[in-house]
Amino acid sequence: MNLRRVAQYALVVFFLGFFLVPLETGIMTAIKTNESVARSLPFAPPVGEGFTLGNIQFALEQLSGSFFNSLIMSIPATIGSVLFGSMAAYGLTMVNWRAQMGMLMLFVVGVFVPYQAVLVPLARFWNNIFPLARMLEPMVASIPFFQGYHAELVPLVITHIAYGIPICTILFRSYYQSLPNSLVEAGKIDGASITKIYRRVILPISKPMFGVVFIYQFTQIYNEFLFAFTLVTGSDAPAAPVTLVLPAIGASTSGIDFGIRMSAAFLAAVPTLILYVAFAEQFAKGLRTEA
């Protein structure tokens, strides 16, 4: 082995440790008592009575309801924004019509609208002008496994769909630009409509890109804080998602229990980790296609 190869391996090991040491530190903190956290090094494993699984159990009890809230908010919002983004990208890329570029510019502008700029009008719209949550509360309460307060998540779902469509459209458009236009032309020759071409031709070959955009959009919606903080009354609200409940876990008048908070942080990351594992193959194919 020459010096160049040794240097390459040393660099890989360095970055591997650089990214894994914080993860190992977090895991060690999650299984330590608060006293052990204060008396030992962050990355050192717990010893004797310093080891506990009570942090994970307590964090899971605190997050159980908010997990359900986050999932019933994130899943439909992700599916809606990804599906509408795909359809919009198809219409802006593979279908020729007037004002196409002007409409595309509106989507591009929508990507760069900051969350902070719309918080106040958004809250006034959903709370005063069109109180959708209050109108849907009796209907939502009649659905099995749902409670009336889950209606508060409906405005959040609609908001995330509307806010996610521009970025999903841009991502899908870059993929559709790499597809040969002969696919659409062949469908037209066979007498298929624009809608049928999308359903029968474009949609089946878009699975890799759907995996990429679905993972990206779900992660963004699941981890989002500002919209949830604005439209849901607070971390104590029964409809609060994980991002609102997480900062309050482990905090008390005597200080912060870092073991409980770290356990809650790892538990909150489980849904996105499962999603990455489930869509790993499609995600890799989508990235290779983009490259």
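Among contacts (heavy atoms within 4.5 Å) in the protein between residues at least 6 apart in sequence, 71% join residues at least 24 apart. This is a predicted model, in which local features need pLDDT of at least 70 and side-chain atom pairs count only at pLDDT 80 or more, while totals for chains, interfaces and linings use all residues. Residues are numbered from 1 along each chain as its sequence is written, and side-chain values use heavy atoms, with hydrogens and water left out.

**Whole protein.** Start with the C-alpha trace, which spans about 75 × 70 × 35 Å along its principal axes. Colour by secondary structure to find 15 helices and 2 strands; these are DSSP runs, with helices being H or I of at least four residues and strands E of at least two, numbered from the N terminus. Of the 291 residues, 40% count as buried, where buried means under 20% relative accessible area, exposed over 50%, and partly exposed in between (1.4 Å probe, protein chains only).

**Helix H4.** Select residues 100-111 next. This helix has 12 residues and reaches 17 Å from its first C-alpha to its last, close to the 16 Å expected at 1.5 Å a residue; the expected span is 1.5 Å times one less than the number of residues. Show the side chains of Gln100, Leu104 and Phe107, together with Gly110: these four are buried. They lie on the same side of H4, because they cover an arc of only 110° around the axis, taken from the directions from the helix axis to the C-beta atoms. Then turn to the face pointing away from the buried side, where Met101 and Leu106 are exposed.

**Thr159.** Stay with helix H7, where Thr159 has its place. Is Thr159 buried or exposed? Thr159 counts as buried, because its relative accessibility is 6%. Beyond its neighbours within four places in sequence, select Leu122, Trp126, Phe227 and Leu231, with which Thr159 is in contact. For a distance check, pick the C-alpha atoms of Thr159 and Gln282: they are separated by 27 Å, and the two residues are 123 apart along the chain.

**Helices H9 and H10.** Finish with residues 194-205 (H9) and 207-222 (H10), whose axes come within 5 Å and cross at roughly 60°. Axes are lines fitted to C-alpha atoms, for helices over the stretch in contact, and angles run from 0 to 180 degrees between N-to-C directions. Display Tyr198, Leu203, Pro204 and Ile205 of H9 with Lys207, Pro208 and Phe210 of H10, which make the contact.
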